[in-house]
Amino acid sequence: MATDPTVKHDCHYHPGDTAKWHCDACQVDLCPRCMPDADSRKRRGNCPLCGSSLRYLAANAEVTPFWQRVPAFFRYPLKRDPLLVVAICTLVPLLLQPNLLGLIVTVVLILALFKYTYAVINHTARGKLEPPTLATAFTGDGFGIVFMQLAVFIMMAVILTTAGMLGGLFLVLLTAAFLVLALPASVILLAMERSITAAINPLKLAALMSRIGWPYFVMYAYLILLSLASGVVQDFTLRHFDPLISQPVAGFLNSAFMLIVFHMLGYLIYQYRQELGYDEDSSDDAAEDHHSPRDRSKRIDADIDIYLKNGEYSRVFSILKEALRKDPHNPARLQQMYRLLTAMDDSLELYRHHPRLLAMLSQERDARGLQTLLTVIYREEPLFRLDDPTLTVRCAEVLYQAGEFKSALKLLQDFHKRFPDSDQLAPGYLLVAQVLANGFAQWDKAVSFLTFVQRRCQQHPLHKDIDIWLEQARNQQPLKGPKARFEAVDRGETRLATGNPS
Ligand SMILES: [Zn+2]
Ligand SMILES: [Zn+2]
């Protein structure tokens, strides 16, 4: 299938996103989100599905070609800010006295108008289709560009003269033809690179024209038509109206015409910014190392997304398994693994990966996720007991905070028999006491667990507050322990120490 580069294609996996890549083997279009590891500047990328190299779809596909928005170019000078600039810069000089001050003001206003037109080019070239503000014409630097343009014209005259001296009429005509044809390219180069030499360098001019290709000449034809039309209208007004009216009208039209032309040139740059190397995005990622870990991780994300949408769950599973083999505790990958296995309802794999998944879910304080996973685990293994005391207490604590009292208790069942020597015994049974008191109003049972901690865990840092806990339990108050203390070792214990059962 021949893919017309100027026609917009949507990404196969992200409808609504413009595709930038096409795999001829798989017949799929892919967007930058699918191809985070592709090099759009060098236009290299490999198909995530089959590995063959991708074809780069023209970057311009996402930009409306300029020939399809000609009416918008004509409306451009009629918006508020450009209209004001044109009005001030062409009408004010007509009201001035013909003296030195009047001359100076006139020159300044002409400079401001030209400065504004170059701002229009740069502004549009960045994809901003709203005109620059009025202030752009009168503030900041950038007046130099006008003198540079003047210098470019002088240089061109010098080149023509030199050509005449060297090669006679034929060479003059040839050079003149080239310069006339390259004039818009020269303005573009001057606006973008702010360099007189770039703007008269025949190699650069030719390269710019050939990179844009035939659309450059389409635009050229528009420019000729525009200038003819503008000339005819100005001529008409000058001929048929009183100079008092016709002069301002002609001046106004002339300035408006300039804005249209510069806006069009800016748009041409914007449309072909990648061909011309003015694309900020692609120069950024060209500087990046394409095999950085961040890049690989993005590639994995994109692959997962693609295969999920293709319904190839087992392939996603192997990608995740491989990624987790290299980076066993990556929370994002574990999260993806958890969601995938839950969606596939693969109890066996969920059970097999449960220690890391429980750790991730408790880290995220995802009580619902914990609850779901535990349900699956108990279904696989009704007598399931978690064999990591720290993880057990952490999970139970998250469940307790979320009001899942039964599940919290179930996790901590027979904790002192399973982990008699663990330093988690004190926080574990403190938690049990809290669940019993605050969750089930079983103060007596809470007291016996606290007494157990009092007797058995005398070395534990939590022990010194045990009297406060016991007093609260005996008074049948909510078990909160001592007021805010943050010296406990890890997050779970801190929560326990401040223990607000909300
Ligand atoms: Zn996509
Ligand atoms: Zn492919």
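Strand E1 (residues 21-23) and strand E3 run antiparallel and are joined by two bridges. They belong to an open sheet of three strands, ordered E2-E1-E3. The model is predicted, with an average pLDDT of 86 for the protein. The domain assignment of the protein gives domain 1 (67-278) and domain 2 (414-502).

**The sheet**

- The pairing in the three-stranded sheet is antiparallel.
- Strand E2 (28-30) and strand E3 (55-56) are the edge strands, and each of them pairs on one side only.
- Across from Arg-55 in E3 stands His-22.
- In general, strands of a sheet pair through backbone hydrogen bonds, and the pairing is either parallel or antiparallel.

**Domains**

- Between the C-alpha centres of domain 1 and domain 2 there are 80 Å.
- The bounds of domain 1 are 67-278, and those of domain 2 are 414-502.

**Helix H2**

- Helix H2 covers residues 80-95, which makes 16 residues.
- From its first C-alpha to its last, H2 reaches 22 Å, close to the 22 Å expected at 1.5 Å a residue.
- The buried residues of H2 include Pro-82, Val-85, Val-86, Cys-89 and Thr-90.
- Among the elements that cover the buried residues of H2 are helix H3 (100-125), helix H4 (135-138) and helix H9 (243-271).
- An α-helix has 3.6 residues a turn, so residues three or four places apart point the same way.

**Nonpolar cores**

- The largest nonpolar core has 69 residues, of which Leu-370, Ala-396, Tyr-429, Leu-431, Ala-433, Ala-446 and Leu-450 touch the most other members.
- Helix H21 (residues 425-440) supplies the largest share of this core, 10 residues.
- Ala-446 is in contact with Ala-433, Leu-436, Ala-437, Ala-473 and Leu-479, leaving aside its neighbours within four places in sequence.
- A second, separate core holds 43 residues, including Phe-114, Val-152, Ala-199 and Leu-205.
- In soluble globular proteins, nonpolar side chains tend to be buried together.

**Phe-114 in helix H3**

- Phe-114 lies in helix H3.
- Phe-114 counts as buried because it has 22 C-beta neighbours inside 10 Å.
- Phe-114 and Tyr-313 are 199 residues apart along the chain, and 60 Å separates their C-alpha atoms.

**Two leucines in helix H5**

- Leu-179 sits in helix H5 (residues 144-193).
- Leu-179 counts as partly exposed because it has 19 C-beta neighbours inside 10 Å, whereas a buried residue needs 20 or more.
- From Leu-179 to Ile-200 the distance is 8.8 Å between C-alpha atoms, with the two residues 21 apart along the chain.
- Leu-150 is also found in helix H5.
- Leu-150 is exposed, because 12 other C-beta atoms lie within 10 Å and the limit for an exposed residue is 12 or fewer.
- Leu-150 and Leu-57 are 93 residues apart in sequence, and their C-alpha atoms are 39 Å apart in space.

**Positive phi values in loops**

- Asp-414 is not a glycine, although its phi is positive, at about 55 degrees.
- The loop between helix H19 (405-412) and helix H20 (415-418) contains Asp-414.
- With 8 other C-beta atoms within 10 Å, Asp-414 is exposed.
- Ala-441, a residue other than glycine, has a positive phi near 55 degrees.
- Ala-441 has its place in the loop between H21 and helix H22 (443-456).
- With 11 other C-beta atoms within 10 Å, Ala-441 is exposed.

**Confidence**

- A pLDDT of at least 70 is reached by 90% of the residues.
- Residues 1-6 have a pLDDT below 50, and this stretch has 11 contacts in the model beyond near neighbours in sequence.
- Over residues 485-502 the pLDDT stays under 50, and the model has 28 contacts for them beyond four places in sequence.

Key:
Residues are numbered from 1 along each chain as its sequence is written. Chains are lettered from A and ligands numbered from 1 in the order in which they are written. Helices (H or I, at least four residues) and strands (E, at least two) are DSSP runs, numbered from the N terminus. The expected span of a helix is 1.5 Å times one less than its number of residues. Two residues are in contact if their C-beta atoms, placed from the backbone, lie within 7 Å. A nonpolar core is a set of buried Ala, Val, Leu, Ile, Met, Phe, Trp, Tyr and Cys residues joined through C-beta atoms within 7 Å. Two strands pair if DSSP finds at least two bridges between them. Domain bounds come from an automatic or database domain assignment. pLDDT is the predictor's confidence in each residue, from 0 to 100.
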